[in-house]
Amino acid sequence: MTSPSQAAADAGDLTLEPEGEPGTPGNKGTPELAGRTPRQLAWLRFKRDRVGVICAFVVGFFILVAAAAPLIVKLYGKNAYDLYGQDDGLLNSSGIPIKPNGGISSDHWFGVEPALGRDVLALLVYGIRTSLLIALAVTVISVATGVLFGLTQGYLSGKTDYFMGRLSDFMLAFPQQLFFIAFSPVAISLLVNPGEQESWWVRPFVLISVQFILGWMSIGRLVRAQVLSLREREFVEAARISGASSWRIISKELLPNLWSTILVQATLLLPVFVTAEAGLSFLGVGILDPTPDWGLMFQTGANNYQSDITFMFFPGIAMVIFVVAFNLLGDSVRDALDPKTLR
Amino acid sequence: MSEQTTLDKVPAPRPASGEKLLEVTGLQKYFPINGGFIFQRRVGDVRAVDGVDFHINAGESLGMVGESGCGKSTTGRLVTRLLEPTGGKVSYAGKDITHSSRKELAPIRSEIQMIFQDPYASLNPRQTVGSIIAGPMEINGINPTGGRERRVRELLEIVGLNPEHYNRFPHEFSGGQRQRIGVARALALDPKLIVADEPVSALDVSIQAQVVNLLQKVQQELGIAFLFIAHDLAIVRHFSQRIAVMYLGKIVEIGDRESIYGGPRHPYTHALLSSSPEADPDDDGRERIRLAGDVPSPINPPSGCRFRTRCWKAQDKCATEEPPLVRLGGNAEGHLTACHFPEEPTIEAREEDIVLDPALAAIEEAADETP
């Protein structure tokens, strides 16, 4: 798992030069002298980036699919829990779809799952939903914590900075995958009494918290570095001279200059968390059957790929497209926000 | 505002009202140097400002000149209390503000403002011009009649910008225009003292005059006192009624404009004045002094007089005794000099130029031999 912080580390140059001065006064018939915000300029630049726009549509499509999963499944007429393969006799005696190409038919557009016989399209749509929700939650919590941590660290500096920095170094020193695999069962056993039925929220909660605990440091360090350079800038001194409180300096002077970094970092973090979540489910410490999940589909696919490779294709290709599109989108967002960075 | 690109005539100094607005005594700022393996300890200090005394009267402009790194900007930042002084005392309108906290400073904050050197770093790129200028009013809870927005438009007009630029962002302006925005922000609170930290040195020469004239207009019309920090002697002469010359964290000479520019006593002031060119091709009557070497390190400044390592008049006494900043015989009232062996109060050419730089001296000697 690579951290995106390297890629975003140089996204920090904060001034945006106007390109071609779109709002020059004296243009034909534009009496309103409204300035273009740096954000508007970034948006103009982003719209010109064709790859970025396509990726934005792809990412938007995935998010739409995840959000509208119940609607899609309803229109499609199947659900993610019925064992169509077994009920309708679509599987042979060893649990492999009888029809070619993993049982693709007009009833089951993406085929049926080996062994259990669930509908692959419904499974995938709901699987994307589960994985994206968990990854989104991890991203939001990690980014919020990281920004808060980095802001405190950078703004207070001195001893606080030192000790908080050592804490994040300590957290960074954990081997992530091993930690996830080793601690997820421990955390689950802490939350569930022996012999009791596990509630539905336990696994997502554990997945979110375990990934969050090792996920917030990269953005924290990035924000700290940015704050360190920003707080020496003269506009912060100007605010201090007019008597601004620390809170005002942080919220009005520093944070607006950090949004671009935070946005870029978040777009690059999300696919990392999606793959991590899928990986954990694949390894058996994440979401469990029968809850539909992206990673679980890989697990089923890996068990059956010798006899039914088609089942592996749908979640696999979907994930590749999603991760590539999201990463390219992150790159485009960074380029749009910071035109001076050379790739 | 008419765009004046030349400097106005030097205005006569206004009669000082006698009231001391800002008084600084023995001001010190040491920046610690930490060193050591694992355990950081203080191994030394950068004595950026080391015992500075001056005062500024209400409505008066004090210019502060000196080489780079002599502590001018640090002094400005100490006066505005952006930095915590190590020693000495800063009092504003009779009130000691040396170690006041943010809350204690609140009533004074609106009266001391600052104009920064770099117009590209001093405006927040994410705020509109309107919110930048209105910011200080918001912080101090000032509600001018007619609303803040009207006041901001008024200020934009005062500094010679189009009030319609209210909603624009700093990146849409040139360096000179940005500096005007900085001036408008400083004026937003009706300050009594503005610390201008090299306000024009980052600007194009053609723009410098505009900004200096703007500041002068502001000073005269609104009666604001200035601490004008610069290294351009011509601009300081144009702008300030009194001048302080700094060298290595100390004031070596202070006095009114005529005394400093017409009859300087300290050898460093002589050297400084002779180093700035005058735009007069026929003027050969000025003395010529060329110093050698660099300013000594402020970590370990020379004993006694700090200028002695580069001074042509230095004697043993200069190394042992630190010269006090006093009024010398023949000096005008308020003209103080810190020197044991002061120069004559004239800038007329000497019989022989003082060229301490060995390389330059050798070149000139060779040129003299082969005419």
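Tutor: Here is a walk along chain A, then across to chain B.

First, the ground rules. This is a predicted model, in which local features need pLDDT of at least 70, side-chain atom pairs count only at pLDDT 80 or more, and totals for chains, interfaces and linings use all residues. Residues are numbered from 1 along each chain as its sequence is written, while chains are lettered from A and ligands numbered from 1 in the order in which they are written.

Start with the overall make-up of chain A. Its secondary structure comes to 15 helices and 0 strands. Here helices (H or I, at least four residues) and strands (E, at least two) are DSSP runs, numbered from the N terminus. Chain A has 343 residues, and 43% of them are buried. A residue is buried with 20 or more other C-beta atoms within 10 Å of its own, exposed with 12 or fewer, and partly exposed in between; C-beta atoms are placed from the backbone. Next, contacts. Two residues are in contact if their C-beta atoms, placed from the backbone, lie within 7 Å. Take the contacts in chain A between residues at least 6 apart in sequence: 71% of them join residues at least 24 apart.

Now the annotations. UniProt, in an unreviewed entry, gives residues 128–330 of chain A as "domain: ABC transmembrane type-1". UniProt positions follow the numbering used here, feature names are shortened, and annotations may be inferred rather than shown by experiment. In the model, residues 128–330 of chain A are 81% helix and 0% strand. The end C-alpha atoms of that stretch are 20 Å apart. The unreviewed UniProt entry also lists "transmembrane region" for several spans of chain A, including 132–151 and 204–223. Compare those two in the model. Residues 132–151 of chain A are 100% helix, with end C-alpha atoms 28 Å apart. Residues 204–223 of chain A are 85% helix, and their end C-alpha atoms also lie 28 Å apart.

Two backbone details in chain A deserve a look. Most residues other than glycine have a negative phi, and most peptide bonds are trans. Ala115(A) has phi near 70°, a positive value in a residue other than glycine. Ala115(A) sits in the loop between helix 6 (100–103) and helix 7 (120–156) of chain A. Ala115(A) counts as partly exposed because 18 other C-beta atoms lie within 10 Å. The second detail is a peptide bond. From Asp289(A) to Pro290(A) the bond is cis, with omega near 5°. Pro290(A) lies in the loop between helix 13 and helix 14 (294–304) of chain A.

Next, the meeting of the chains. The contact takes 27 residues from chain A and 30 residues from chain B. On the chain A side, helix 12 (234–241) and helix 13 (246–283) are the elements that give two or more residues. Helix 12 of chain A supplies the largest share, 7 residues. By class, the chain A side has 12 nonpolar, 7 polar and 8 charged residues. The classes work like this: Ala, Val, Leu, Ile, Met, Phe, Trp, Tyr, Cys and Pro count as nonpolar, Asp, Glu, Lys and Arg as charged, and the others, Gly among them, as polar.

Now step into chain B. Helix 3 (residues 129–139) and helix 5 (residues 175–187) of chain B pack at an angle of about 30°, with axes 7 Å apart. That makes the two helices of chain B roughly parallel. Axes are lines fitted to C-alpha atoms, for helices over the stretch in contact, and angles run from 0 to 180 degrees between N-to-C directions. Under 35 degrees counts as roughly parallel, over 145 as roughly antiparallel, 65 to 115 as roughly perpendicular, and the rest as oblique. Helix 3 of chain B brings Val129(B), Ile132(B), Ile133(B) and Pro136(B) to the contact. Helix 5 of chain B brings Ile181(B), Ala184(B) and Arg185(B). The residues of this contact divide into 6 nonpolar, no polar and 1 charged.

Follow the chain past helix 5 of chain B. Asp190(B) lies in the loop between helix 5 and strand 7 (193–197) of chain B. Its phi is near 50°, a positive value in a residue other than glycine. Asp190(B) counts as exposed because it has 12 C-beta neighbours inside 10 Å.
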